Structure formats: structure tokens, C-alpha cells
Amino acid sequence: MAEICVASHHGSLSDLLADPEFRELAGRDGFIIELRLDSYSDLSTVALDRALNVLGHNVVVTYRHPAEGGRNPHATDAERLGYLQYAAHRGVRYVDIEARTTLAKFEKCNAKVILSYHSFGGVPDLGQLLRQWRTMRETGADIVKIACLPQMVDDSLPLLKLLIAARNAHVPLITLGMGEAGFWTRVAGPLFGAPFTYARGEGSPGTAPGQPTWRELEELYRYRDIQPGWPVYAVIGNPIGHSLSPLLHNTALRLLGMDGVYIPFKVESDPLEFVVDFAPLGLKGLSVTIPHKETIAAICTELDPVAKAVGAVNTLVLRPDGSWQGLNTDVAAAMDSLEAVGGPVAGKKVAILGAGGAGKALAHGAKMRGAAEVFLFDVARDRAEALAKAVGATVVAASELVQRKVDVVVNTTPVGMHPNVQQSPLEKEQIPPGSVVFDVVYNPLRTQFLKWAEERGCKTVSGLSMFVRQGVRQFELWTGRCPPIPEVEKVLLETLKKQQAHK
């Protein structure tokens, strides 16, 4: 079972010992504490002894070199190695030493040596990574750690190939992609036999870019339960940090006691290349969000009728032959959510704000449900005109919605999404009074658009309802199981309320 190493972010050993979170974690099974000696202003052998007496020996002790993120530019190699040698004599579980350091005279005692390499200037190519790894594993190290800082998720592909190459090696490998682009490496390590990963305390900024909290890893991603061969599900989009899809799907997997982990990927470039390149991670199903819902259809050998009609795919399912089926669960989810509050769409005038993938879904859905008229507004008028031609709708300006006596207004754009919560796709006076207003944005729960709509006497529909419905259908397509919807909704609502309370 993989473990979680929680990195001390403290400015002194005294501060560390005064932190109840770290004192509690030091005594919990499955957790390790990393002592960053280069960060401590009160470092001495006496202070280190005191810390080890309190925290115990289930720690990683490192004294990072300045060139690899160390915070003490004045420390000599002899001083750094001296403290690590002292920790090894004290019987700590791990000492972490950079590959640049000569280990010929280092005495491991009963400690295990983690030999580490850090690249903050990007990810080396696969050939260089393989050479680095092979050299490091032949030094007598017990664990090899390679950490790099990719700029985009594509840059982290060599790290995946390295994990695959090292899967059955006699020396375990910890591979870390720092930052948002490499977040997946911090979750997926156990799929390839990594003994642990690094996390931060709940109130900590972390000691490296992109570190999740230990609670996220343990409770959301079930990191310590992940085993090789677990299916991997993912959401791809840009931006992706706001997404609650990992919470929805990982909660469903946990409640049903099923194998599998769901990971977010910020995909800024070609989503087709991402799916091909990262399939060896064990991808079995994907959620697709802005801006990739239209482009991703090209990778599918089969589209369901709704996805084909709409021209937008939000769900990929891996078929037994290795090909991808594309589906659209947005349409039914959106229309069911809208009609649950506003009644049947049939015979009503419906205005759709936005003509992207979600806009296409809603426009087609309104037509399928018998809307009398569909109006489209998009800041890119040519895109709105193309969609209007495809579905038989009318392009209008935002200022026309009131005079057109629109019954239903649906925002399908990301305007108003966290963190830009003060924005709205329409001005308050442009919202038709007494209409039904639906915002597909679910973070925040009550967008500025919905607040203004309520002030105009409108019935409002939050995007959370659509989000849950489309996600539940995705989960069913991937696993054949229906998650306990009330429990999942409760977790989502509690999380959103906590997020908004902290703003």
C-alpha cells in the first residue's frame, strides 16, 4: 500500500513541533513527514534530536541543494551531507540525497536512501530521463526520485513513459511532475508501484508547485488504496482547476467500493493527441469540457445519435477493441434540469447564450423538446449564425431578448464561473422579467446572472443539477453502475458551500 509523505513547510523546527496537524500525522499509519532541513532557521543537531524525539523515526530527512530548490544558499556540501549522515545514525526511515552528491562515504545504517533529481527548467526528453534513471538506480539507492516542472500536460508525457519503463525495476521510482500540468503524477504513482508521493498540510502553501493536500490524496483520490491495474477516468479541459468532476466521480467510486480513480488534466493543446498519448495510463473513460467538446469527436469511431446531431461530445467510452465511442450526456441532463423547474419547453421561446459545444447541445435539445422558437446570442456572431443555420434558430443581440418576450434564457458560456464571479453574460436589464433562467455554470452555485434573474422575478436553475445528471450518466456508461445520487449531491453541495464561505 502506497503512503503519503507530508512535507514540512515550516520556517523552523520549533514551528514544526508546535503544529498539531503534523504531530498528529506523524503518528498515523500510512503517513511520513518530510523534514526540510534547508528551511529551518533554528537547525542544529540538538534541535533535530528534539524533533525526532517527538515525531518518531517515520520521516524523510533532506537538506536540499540550492540548485534543486534548497532554501539555504550558504550551506556547504559537507554541512548538508553531515546533517543527513547524523539523521541516518539516528535511525530515521529515509534520507533524501541529490544525485549530484557523492555517496561513496555515506553510511546508510538502517535508513533507506532516496536518490533525487530535480529539474525546474522543464522536463528532459525521454532519452535523457532514461539515462538519468539508469545511472541513479545503480548507485545503491533504495528509491529513485525524479521531479520535473512541465509547462503543459504534453510536456509531462516523458514522465509517463519513464514510469512505464520502470514499472518492474528492482529499485522503486517516484516520478513527480510539479505544477498543475504534472498533477496527475502525484495521484497515479501507485499504478506503477511508487512507494509514496508528496503532499502538503491543509493550511500549507507546500514545498513544491502543485502539491495537493494530504487530505485530498487520502479522501478524494484514495491514494493509499490505488493498485496497479486500476481503471483510470479523467476530465480534460482548459481551464480545469474549478471542476468538481473529480469530486463527483471519485465520491461515486468510493461509495460503491469500486476500483478506479478519476484525475483532472488541463489540456491546452490538441485533445486528440492527449487521448492517444496518455491512453497507456490506463484510461477507460473521459469527461470532455470547454473547449474540446467539438474537436474530440474526430477520435471517435462511433458517435451516439445525440452527439452526432449536436456535433459535440462530452463523454468518451473505451470499447473492448481499444477504440473510443463518443456520446453526449449534456443534452438530456440540461433539458431535464430545465423542465424540472420551468415545466415543458414545448411551445416556448428559448434563448441560448453561447454557440460553443454546450450551446449546440442546448439549442438542439430545445428543438428536440419542441420549443416554438430558439434564439442565439454569441459574441462571435459568425459562430452563432452557423449554429442557427444548423438548427433553424434566429441570431439576436442581447438587447433584443426582452422585446422578443423570451420565456427561457440559458447561459452556456463560462462567463461568471469561478474565479470571475462578478461577471454575467447579460446586463440585469437585458434579462426578460418573469422568464426561466438557467445557468450551466455551477461554481458558484448562485452566479451573478442568477442573482440578477431572481431580482427580475425569474425562476432560476443552477448548473449543479445538470452537472450531476450528466456525470451520473457518464459513470453508468463507464462502469455499468448507478451511483447513490443523494449522497453524491450532498458531498458536492457541502464542498461548494465551503468554497464560497472561504471567499
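Start by selecting strands β16 and β17 (residues 394–395), which run parallel and are joined by two bridges. Strands here are DSSP runs of E with at least two residues, helices are runs of H or I with at least four, and both are numbered from the N terminus. Two strands pair if DSSP finds at least two bridges between them. This is a predicted model, in which local features need pLDDT of at least 70, side-chain atom pairs count only at pLDDT 80 or more, and totals for chains, interfaces and linings use all residues. Residues are numbered from 1 along each chain as its sequence is written, and side-chain values use heavy atoms, without hydrogens and water.

Select phenylalanine 375 next; its bridge partner in β17 is threonine 394. Helix α14 (residues 381–391) carries the chain from β16 to β17 in a right-handed β-α-β crossover. Right-handed means that, with the strands pointing away from the viewer, the path from the first strand over the helix to the second runs clockwise.

Now select strand β15 (residues 349–353), which pairs with β16 in the parallel sense over five bridges. Isoleucine 352 has leucine 376 of β16 as its bridge partner. With helix α13 (residues 357–368), β15 and β16 make a right-handed β-α-β unit.

Stay on β16 (residues 373–377): four of its five residues are buried, so the strand is largely enclosed by the rest of the structure. Buried means under 20% relative accessible area, exposed over 50%, and partly exposed in between, with a 1.4 Å probe and protein chains only.

Move to the open sheet of six strands, in the order β10-β9-β11-β13-β14-β12, with mixed pairing. Its edge strands, β10 (261–266) and β12 (300–303), each pair on one side only.
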